[in-house]
Structure formats: structure tokens, C-alpha cells
Amino acid sequence: MSTLLEVSGVSVSFDGFKAINNLSFRIGAAELRAIIGPNGAGKTTFMDIVTGKTKPDEGRVIWGEKSQSLIGLSEARIARAGIGRKFQKPTVFEDQTVRENLLMALSNNRSPFKVLFYRPAKADLERVGELAEEIGLSDQLGRKSGELSHGQKQWLEIGMLLAQEPRLLLVDEPAAGMTPAEREHTTALLVEAARTRAVVVVEHDMEFVRRLDCRVTVLHEGSVLAEGSLGHVTSNQEVIDVYLGR
Ligand code: ADP
Ligand code: MG
């Protein structure tokens with residue numbers, strides 16, 4: 001599998017504490033990858049580094065066929081290069097409908113104000129229909145986003161990220177606060193999204209990770225402790241000691 005993102009020898013310290021410590025790993029071009037590890041292992045900081053929010057002290061972050069260095073690029077440039085990130089708290093526009101939110105995401109260079117007076121092209125509406133289908137909100141398009149359940153808002157936000165056609169989607173703890181049924185729908189959605197792009201999911205819920213059925217990277221103290229199938233990493237004694245055995 002060709003490499004889409006390579007992190008190599010990356011370290012970052014906060015006030016002398018090494019949150020990421022010589023971290024190296026690769027993500028393939030259409031790969032689904034789960035990242036697990038104890039609290040404070042550096043999972044969110046890894047995403048902060050890839051998206052340009054945090055600048056590493058050392059190491060390389062290499063992107064795409066042209067092996068572009070992402071270090072030093074602004075968050076906006078990295079997003080434009082094709083990296084989308086979903087935060088835990090959804091950031092949908094609650095007063096707007098699902099359709100309006102998706103349209104806005106399709107044309108993310110337009111301001112929300114302009115979108116109110118903007119007549120969408122037929123192609124945009126078709127694309128919104130496809131996205132709604134993909135996230136399971138086809139029957140909610142006319143609904144105010146503020147009325148959606150927590151899980152539905154999360155899916156809408158994933159749809160808004162997919163509208164921008166990222167080549168890599170980073171998702172931090174999507175299952176938090178979801179019902180079991182919502183979790184199941186979320187795994188299906190992420191598995192589907194990873195058929196055409198790379199998706200990296202940080203998640204604590206082992207049942208969720210099991211259903212993703214993908215390669216798993218275990219982080220501990222800012223480095224990779226183990227990597228492989230879920231069965232492989234969960235039978236690793238060090239992983240049991242630092243994470244599972246707690
Ligand atoms: P995880 O997501 O795996 O739980 P984090 O990446 O959030 O872990 O945090 C790793 C460590 O780095 C933690 O000890 C955290 O307190 C620290 N840390 C993360 N971001 C900052 C920051 N901006 N300033 C200071 N310390 C930070
Ligand atoms: Mg975190």
C-alpha cells in the first residue's frame with residue numbers, strides 16, 4: 001500500500017514534559033487505522049501536530065506522493081492539502097438545516113452570511129443528497145441541526161468534512177456520548193469512508209475498535225508501543241500492563 005502520511009522521529013515537549021517522544025509511523029492511502037492508548041499517551045497531540053496546531057520540536061511529517069513536508073504550514077494550508085479533522089465537540093450551525101450545513105461545507109470558502117442568499121447549483125444539491133445518504137441523514141435534510149441527537153450531529157459533522165473531500169480524515173473519540181446503536185452506525189460510516197480515503201480514529205471503546213476491524217496502533221508515553229491487528233496488540237504483555245490491565 002502506498003504511504004499517504006509518514007510521521008518520522010517526531011518529538012514535542014510541553015514545559016519539559018515529552019508528550020510525543022520520537023514517534024514514527026505511516027498511514028496508507030486508503031487505510032482505516034485505529035489509535036488506542038492510555039490517557040495522556042499523546043493521541044490528541046499527534047493529531048495537533050499533523051494538522052499544524054502544534055509544531056514539533058524535532059522530526060518530520062511527510063504528506064502525499066510529492067513527499068511534501070507539513071511542518072511549519074498553517075492549519076488552513078494543511079486542511080487545503082487534504083487533511084480533515086473532526087473534534088469531539090460538533091461544530092455544526094444549529095440554526096441551519098442539515099441541508100444548509102452540508103451546502104455550506106461544500107462551499108467552505110463562502111461565508112455563512114453569503115450562503116443564506118446563495119442559490120445552490122443542481123450539482124451541489126445532488127452532492128448533498130449523496131453525502132446525506134452516506135451519513136444516514138437523508139430523511140433529516142430539512143431539519144434544523146440543533147434538533148438532531150448528539151450522534152446525528154456527529155454524523156453531520158463527518159458529512160461536512162467529507163464534503164471537502166479530504167484524503168485523510170482524523171477523528172478523535174467519535175463514540176463518546178453515543179448510544180450503542182449510534183456507535184454501530186458510526187463504525188459503519190467510518191469503514192465506508194475509508195474505502196476511498198485514509199481515516200485515522202482515536203477511540204477508547206474496544207467494542208468500537210473491534211468493529212472497525214483494522215490495523216491498530218497503541219501509543220504510550222508519546223511513542224508506538226505496539227501495532228497490528230486488535231488481537232495481536234491486545235495479547236501483547238506490555239499493552240496489557242500499561243493500558244488494558246488497568
Ligand atoms: P491523549 O489524547 O492520548 O489522552 P494528549 O495528547 O492530550 O493525550 O496529551 C499528552 C500529554 O501532553 C498530556 O500529559 C497532556 O497534559 C500534555 N499536553 C497536551 N497538550 C498540551 C499543551 N498544549 N500544553 C501543555 N501540555 C499539553
Ligand atoms: Mg485525547
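The protein holds 10 helices and 10 strands, taken as DSSP runs (H or I of at least four residues for helices, E of at least two for strands) numbered from the N terminus. Its radius of gyration is 18 Å, close to the 18 Å of the globule rule for 246 residues, so it is as compact as a globular protein of that length. The radius is taken over C-alpha atoms, and the rule is 2.2 Å times the number of residues to the power 0.38.

This is a predicted model: local features need pLDDT of at least 70, side-chain atom pairs count only at pLDDT 80 or more, and totals for chains, interfaces and linings use all residues. Residues are numbered from 1 along each chain as its sequence is written, and side-chain values use heavy atoms, without hydrogens and water.

**Overall fold**
- The C-alpha trace spans about 55 × 40 × 35 Å along its principal axes.
- Of the 246 residues, 50% count as buried (under 20% relative accessible area with a 1.4 Å probe, protein chains only; exposed is over 50%, partly exposed in between).
- Of contacts (heavy atoms within 4.5 Å) with a separation of 6 or more, 67% join residues 24 or more positions apart.

**Around S138**
- S138 sits in the loop between α5 (122-135) and α6 (150-163).
- S138 is partly exposed, at 37% relative accessible area.
- Beyond its neighbours within four places in sequence, S138 is in contact with A132 and E133.
- A polar atom of the S138 side chain lies 3.4 Å from the backbone nitrogen of E133.

Note on methods: Chains are lettered from A and ligands numbered from 1 in the order in which they are written. A polar contact is a pair of N or O atoms within 3.5 Å; within protein, one must be able to donate a hydrogen and the other to accept it, and residues adjacent in sequence count only if both atoms are side-chain atoms.
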